[in-house]
Amino acid sequence: MSNQPTYPLMPHATASWLVDNTALTFEQIAGFCGLHILEVQAMADDLAGAKYTGRDPVHSGELTQAEIERGQASPSYALRMQRAPISVSRTKGPRYTPVSKRQDKPDGIAWILRNHPEISDAQIGKLIGTTRNTIAAIRDRSHWNISNINPKDPVTLGLCSQRELDGLVAKAAKRAGIEEDQGARDLRLGTERDALIEELRAERDAQIKASSAAAQEAEAQAWLEARRAEGRSDS
């Protein structure tokens with residue numbers, strides 16, 4: 001029997017629904033959905049929720065209304081999955097990264113090497129989905145594209161989640177005997193929250209701009225069609 005926690009089939013959509021329809025705390029929603037609390041807070045700030053269509057976990061059977069009410073009555077209560085979603089197994093192998101994100105891997109690797117040298121090459125390879133040869137080439141600056149590699153946070157690049165990175169950093173720090181004081185932790189979380197909110201705001205602005213352009217194009221097309229129809233009727 002695996003001790004790995006079970007999360008909703010669509011965690012972001014489920015979190016969006018819980019934010020909009022319940023009085024659960026951000027911590028409760030993040031814990032149930034397996035997300036970072038900053039992601040949930042961004043949804044509540046209306047910076048990310050617009051990207052997701054809410055998914056009702058009560059309708060799917062993953063939660064009951066009684067379980068939600070227990071959580072609302074006690075902020076320290078951890079919601080329990082009522083019916084686990086159908087799991088999708090995958091074969092062993094490197095972490096899959098969408099084609100559109102693969103070109104960003106070197107930037108993410110360089111960021112980890114610069115900011116978290118305590119993380120081993122094996123851990124980086126598993127987190128980012130890359131090889132030790134690539135990591136070594138970036139570290140000793142022999143990578144074929146080293147002049148164009150700019151260290152960037154892998155979370156911002158979409159190569160991993162904040163929860164995964166935080167967990168790996170904590171694990172590597174513990175192994176290396178590094179203790180992070182509370183002040184440094186609070187500062188890091190604040191910086192991460194600002195970066196996440198800024199990223200989500202930029203994505204939202206881009207979506208609004210794209211939607212506006214599409215609406216204008218549709219309006220122009222409708223105007224042309226109307227003028228053509230008028231021309232045909234005059235003839």
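This report describes a predicted model of one protein chain, from its overall make-up to some of its individual residues.

## The model and its confidence

Residues are numbered from 1 along each chain as its sequence is written, and side-chain values use heavy atoms, with hydrogens and water left out. Because the model is predicted, local features need pLDDT of at least 70 and side-chain atom pairs count only at pLDDT 80 or more, whereas totals for chains, interfaces and linings use all residues.

The pLDDT, which is the predictor's confidence in each residue on a scale from 0 to 100, has a mean of 78 over the chain, and 71% of the residues reach 70 or more. Confidence is highest in helix H5 (residues 65-73), with a mean of 94, and lowest in helix H6 (residues 99-102), with a mean of 57. Over residues 87-91 the pLDDT is below 50, and this stretch has 2 contacts in the model beyond near neighbours in sequence; a contact here means heavy atoms within 4.5 Å.

## Overall make-up

The chain contains 12 helices and 0 strands, where helices (H or I, at least four residues) and strands (E, at least two) are DSSP runs numbered from the N terminus. Of the 235 residues, 36% count as buried, a word that stands for under 20% relative accessible area, while exposed stands for over 50% and partly exposed for the range in between (1.4 Å probe, protein chains only).

The chain exposes about 15000 Å², of which carbon and sulfur atoms supply 52%; such areas come from the Shrake-Rupley method with a 1.4 Å probe, and for residues only the protein chains shown count as cover. Among contacts between residues at least 6 apart in sequence, 64% join residues at least 24 apart. A search of the whole structure finds 0 disulfides, a disulfide being a pair of cysteine sulfur atoms within 2.5 Å.

## Helices H1 and H5

In helix H1 (residues 11-21), the buried residues are Ala13, Thr14, Ala15, Ser16, Trp17, Leu18 and Val19. What covers them includes helix H2 (26-33), helix H3 (37-44), helix H4 (57-60) and H5.

Ile68 lies in helix H5 and counts as buried, because its relative accessibility is 1%. Leaving aside neighbours within four places in sequence, Ile68 is in contact with Trp17, Leu18, Thr22, Leu24, Val58, Leu63 and Leu79. One of these, Leu24, is 44 residues from Ile68 in sequence, yet the two are 7.6 Å apart in space, C-alpha to C-alpha.

Helix H8 (residues 121-129) is mostly covered, with 7 of its 9 residues buried, namely Asp121, Gln123, Ile124, Gly125, Leu127, Ile128 and Gly129. The cover over these residues includes helix H7 (105-115), helix H9 (132-139), helix H10 (154-157) and helix H11 (162-176). Asp121 is in contact with Ile135 and Arg139, leaving aside neighbours within four places in sequence, and a polar contact of 2.7 Å joins the side chains of Asp121 and Arg139. A polar contact is a pair of N or O atoms within 3.5 Å; within protein, one must be able to donate a hydrogen and the other to accept it, and residues adjacent in sequence count only if both atoms are side-chain atoms.

A nonpolar core is a set of buried Ala, Val, Leu, Ile, Met, Phe, Trp, Tyr and Cys residues joined through side-chain atoms within 4.5 Å. The largest one has 21 residues, and those with the most contacts inside it are Ile109, Ile112, Ile119, Ile124, Leu127, Ile128 and Leu165. The elements giving two or more residues to this core are H7, H8, H9, H10 and H11, and H7 provides the largest share, 5 residues. A second, separate core of 17 residues includes Leu24, Met43, Leu63 and Tyr77.

## The loop between H9 and H10

Ile146 lies in the loop between H9 and H10 and is buried, with a relative accessible area of 17%. Not counting residues up to four places away in sequence, Ile146 touches Ile138 and Arg141. Ile146 and Asp107 are 39 residues apart in sequence and 9.6 Å apart in space, C-alpha to C-alpha.

Arg141 also lies in the loop between H9 and H10, but Arg141 is exposed, with a relative accessible area of 58%. Although Arg141 is not a glycine, its phi is positive, at about 60 degrees.
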